[in-house]
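The points are grouped by topic and may be read alongside the model.

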Amino acid sequence: MKGTNYLKTLHQIPCSRCRFATNDHRLKCTVNPYDAETEAAIYCRDFEPKSEKDASDCGCASKKFYQANT
């Protein structure tokens with residue numbers, strides 16, 4: 001049960017859908033490199049979807065932040 005809850009938490013990390021993600025293991029994020037791909041990134045205030053389609057499909061808390069600023 002503990003493992004399942006941890007995996008659900010990891011699936012909430014939005015970095016792979018973010019415009020600032022680099023897909024480079026040396027610098028994962030250009031804005032928040034220390035928090036990238038960690039649980040701290042779940043509520044990242046700098047999250048921006050890669051495209052408008054990603055903004056509508058995103059199920060994370062940052063979606064509301066993005067929509068309020070567009």
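## Structural briefing

R45 is located in the loop between α1 and α2. The model discussed here is predicted. With a relative accessible area of 65%, R45 is exposed. The C-alpha atom of R45 lies 9.9 Å from that of N32, and the two residues are 13 residues apart along the chain.

**Overall architecture**

- The protein contains three helices and zero strands, and its pattern along the sequence reads α-α-α.
- Helix α1 spans 2-10 and helix α2 spans 52-57, with a loop between them.
- Of the 70 residues in the protein, 23% are buried.
- Among contacts in the protein with a separation of 6 or more, 46% are made by residues 24 or more positions apart.

- D46 counts as partly exposed because its relative accessibility is 34%, a value between the limits of 20% and 50%.
- When neighbours within four places in sequence are left aside, D46 is in contact with F20, V31 and N32.
- For the pair D46 and N32, the C-alpha atoms are 8.2 Å apart in space, while the residues are 14 residues apart in sequence.

- F47 is situated in the loop between α1 and α2.
- F47 is classed as buried because its relative accessibility is 2%, and the limit for that class is under 20%.
- F47 and R19 are 28 residues apart along the chain, and their C-alpha atoms are separated by 7.5 Å.
- R17 is likewise placed in the loop between α1 and α2, and its relative accessible area of 27% makes R17 partly exposed.
- R17 and K50 are 33 residues apart along the chain, with 6.1 Å between their C-alpha atoms.

**Residues with positive phi**

- Most residues other than glycine have a negative phi.
- N23 is not a glycine, yet its phi is positive, at about 60 degrees.
- N23 lies in the loop between α1 and α2 and is exposed, with a relative accessible area of 72%.
- E37, a residue other than glycine, also has a positive phi, near 60 degrees.
- E37 is found in the loop between α1 and α2 and is partly exposed, its relative accessible area being 42%.

- How many disulfides does the protein have? The count comes to zero disulfides.
- A disulfide is a covalent bond between the sulfur atoms of two cysteines.
- For C18, the closest cysteine sulfur is that of C29, at 5.8 Å, which is too far for a bond because a disulfide requires the sulfur atoms to be within 2.5 Å.
- For C29, the closest cysteine sulfur is in turn that of C18, at 5.8 Å, and this distance is again too far for a bond.
- C18 is buried, with a relative accessible area of 7%.
- C29 is buried as well, with a relative accessible area of 10%.

- The structure has one cavity of 30 Å³ or more.
- The volume of the largest cavity is about 110 Å³.
- What lines the largest cavity? Its lining consists of 14 residues, of which C15, C18, C29, A36 and C44 lie nearest its centre.
- By class, the lining of the largest cavity comprises ten nonpolar residues, one polar residue and three charged residues.
- C18 and C29, whose sulfur atoms are 5.8 Å apart, are thus among the residues that lie nearest the centre of the largest cavity.

Key
Residues are numbered from 1 along each chain as its sequence is written. This is a predicted model: local features need pLDDT of at least 70, side-chain atom pairs count only at pLDDT 80 or more; totals for chains, interfaces and linings use all residues. Side-chain values use heavy atoms; hydrogens and water are left out. On a 1 Å grid over the protein atoms alone, a cavity is a set of points where a 1.4 Å probe fits but cannot get out, and a pocket is an open set with protein on both sides within 12 Å along at least five of seven lines; lining residues have an atom within 4 Å of a point. Grid points are joined across faces, edges and corners, and a volume is the space filled by probe spheres set on the points. Ala, Val, Leu, Ile, Met, Phe, Trp, Tyr, Cys and Pro count as nonpolar, Asp, Glu, Lys and Arg as charged, and the others, Gly among them, as polar. Buried means under 20% relative accessible area, exposed over 50%, partly exposed in between (1.4 Å probe, protein chains only). Helices (H or I, at least four residues) and strands (E, at least two) are DSSP runs, numbered from the N terminus. Contact means heavy atoms within 4.5 Å.
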